[in-house]
Amino acid sequence: MPGILSLALYTNLAFAAFVSGTQVLLGNTPPSKDPECTLEEHDGLTVPFQICSKLAAPKHANSTVPASTNETTTVIPWVEPIPCKANIYGNVTYCVFSTHSYAQGRGISLVTTQEIASWFIQRMAPELTASVNDVSNPPFIQKPMPGKGVGLIAKHTIQRGQIIHAHTPVLIVHKVMDEGLQVNDRLELQRIGVERLPEASRRLYMGLMGHGEGQDVDKVEAVMITNSFQMILGDEEKEEDEPHNGVYPETARTNHDCRPNTAYYINKGTLIHYTHAVRPIMEGEEITLTYTNHMASHEERTAALDESWGFTCTCSLCSLPPSYISASDRRLQLITSLQDQLTTDWSVTHPLSPEAGETLVSLYIQERLESEISQAYMLAALAYAAVGEEYPAIKYAALAVEYGLLISGPEDEEVVAIKEFLEDPKLHWAWMRRLGRGKGADV
Ligand SMILES: [Zn+2]
C-alpha cells in the first residue's frame, strides 16, 4: 500500500519555513569545477558520468554539530566510483553517495550534491538507541487489508505515547533535482542509489509499492515518490539547507487515515524518523498515519489522495454520510479561523478570551485530530497566560509538551519554548499581555 509523500509540508508548522526555501536552478553560471572529479565513461551506462575519486570530510569549524556526532571521521567510505550528473543549466552536479557502514550496516544512499553529502558526513554516526531500526518485536503484525494492500495491525493495546517506529532512512534524494536533471539522468542516479544499498535494505526498498509502477513508470522512482517523507538537509545557519525526499521502508508501510492514531517527526540532527501513538490503539486496530493536510477539506483530501496515491479514502471519517462530513469540514474552518486569531492578534483591546482557546481544544478533540493537537494546547495555554490565569495555563502547557514531544520531537523549537513557559508562565512574554500588565504588556 502506498506510503507517505512530503507530509511535513502540511503537518508541522516548524517545517513550513523550509518548504519555501526551494532552490531555483536558473541562470548561466558555469558548472563548478571539482578538482577531485574527472569525466569518465561509466560501464553499462550510455551517458558519461562524472567520477569523483574520494571526498574528504569538510571542515565544519563554524557549524553546530550534535553531541552524538563522530568528529573523528576524516574519509567517508562512499562506494566508489561516485557517479555524478550535471543539471541542464550546468550549475549544479548531483552524485550518488552510498555507504554500507551507516546505521550499523543498514546502509544508505544519497542522491544529492557534494555539499549536502559533506554536511551529511557529520551525521554519519548517530547514536542508535536500542529501539532504532529494531524490528525484532514490533507492537503490530502485517496483515492483508481489503483494498489497501498490507496493513499494520496492533497485536496488543498500544498506549498513547508508545513508540511504534524508529528508523534511519535508506534512500535520500534531492527534491529539486528533478527540475534540472534530464529524466534519464535522474532515474539512473536513483537506480544506482538503490542498487548500491546492502541487500537487506535494497530488498526492503524494492518490496514497497509505487503508484503507477508497471505502467511505464520507473519502479525506483515510483517507490520513492509514493513512499517518501520530506526532510531538510544542509546547514540551515548558512542557508545551505535544501529539501530532500527520504524513504523509510518500514514506516512507509503504514496506511493512511484522515484521523490517524499516530504522529511522526524526523529528528533534524540524526534524520531518524519516529512514530508514536497519539491515542490508545486497541488490539486488532490498524495503525495509521495521514498522508494529507490535516486541515484540508474532505474534497481536497480526496483529490490529493487520488492524484498522488491513486486510492479513495475509506477511513472512518470519509465513510460517514455527507451531512457528517460537511460538519467535519465546518469544524476545520472554525479551527483555522480561531488559530489565526489566537496566533496573530495580541492587542490589549482584543476581545479574545481564554474560552477561545478552550473552544479550539474542543474542536480538535471533536475532530479526532490528536495527531496535531499540541498546537491547540499551546494556544490555549497562551490565551490563559494572556489574562493572568496561571493554573489553566500550566495545565494546557503541560499537555502541549506531552503531545508536542510525540508530534514534533524534543528538539522542536516550539516544544522547547513551551517547556520554558511551563517553568514559570509569569516570565513569558504572553503573561497578562491582554490585560496591559506584566512582562508581555503592550507598550
Ligand atoms: Zn479519510
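1. Starting with helix H14: its buried residues are Ala393, Tyr396, Ala397, Ala400, Val401, Tyr403, Gly404, Leu406 and Ile407. Buried here means 20 or more other C-beta atoms within 10 Å of the residue's own, exposed means 12 or fewer, and partly exposed falls in between, with C-beta atoms placed from the backbone. Helices (H or I, at least four residues) and strands (E, at least two) are DSSP runs, numbered from the N terminus.

2. A quick caveat: this is a predicted model, in which local features need pLDDT of at least 70, side-chain atom pairs count only at pLDDT 80 or more, and totals for chains, interfaces and linings use all residues. Residues are numbered from 1 along each chain as its sequence is written.

3. H14 covers residues 390-407, 18 residues in total, and its first and last C-alpha atoms lie 25 Å apart, close to the 26 Å expected at 1.5 Å a residue (the expected span is 1.5 Å times one less than the number of residues). Just after the helix, Gly409 has a positive phi of about 95°.

4. What sits over those buried H14 residues? The cover includes S13, S14, helix H13 (374-386) and helix H15 (413-423). Contact means C-beta atoms, placed from the backbone, within 7 Å.

5. Axes are lines fitted to C-alpha atoms, for helices over the stretch in contact, with angles from 0 to 180 degrees between N-to-C directions. On the H14 side, the contacts involve Ile394, Ala397, Ala398, Ala400, Val401, Gly404 and Leu405; facing them in H15 are Glu414, Val415, Ile418, Lys419, Phe421 and Leu422.

6. Now the sheet. Three strands form an open, antiparallel sheet in the order S8-S14-S13. S8 (163-167) and S13 (262-266) are at the edges with a single partner strand each, so one side of each has no neighbour in the sheet. The twist from one strand to the next averages 10°. S8 pairs with S14 (residues 273-277) over four bridges, pairing being at least two DSSP bridges between two strands. Within that pair, Ile163 stands opposite His276.

7. Last, Gly147, in the loop between S6 (140-145) and S7 (149-154). Gly147 is exposed, with 8 other C-beta atoms within 10 Å.

Conventions: Two residues are in contact if their C-beta atoms, placed from the backbone, lie within 7 Å.
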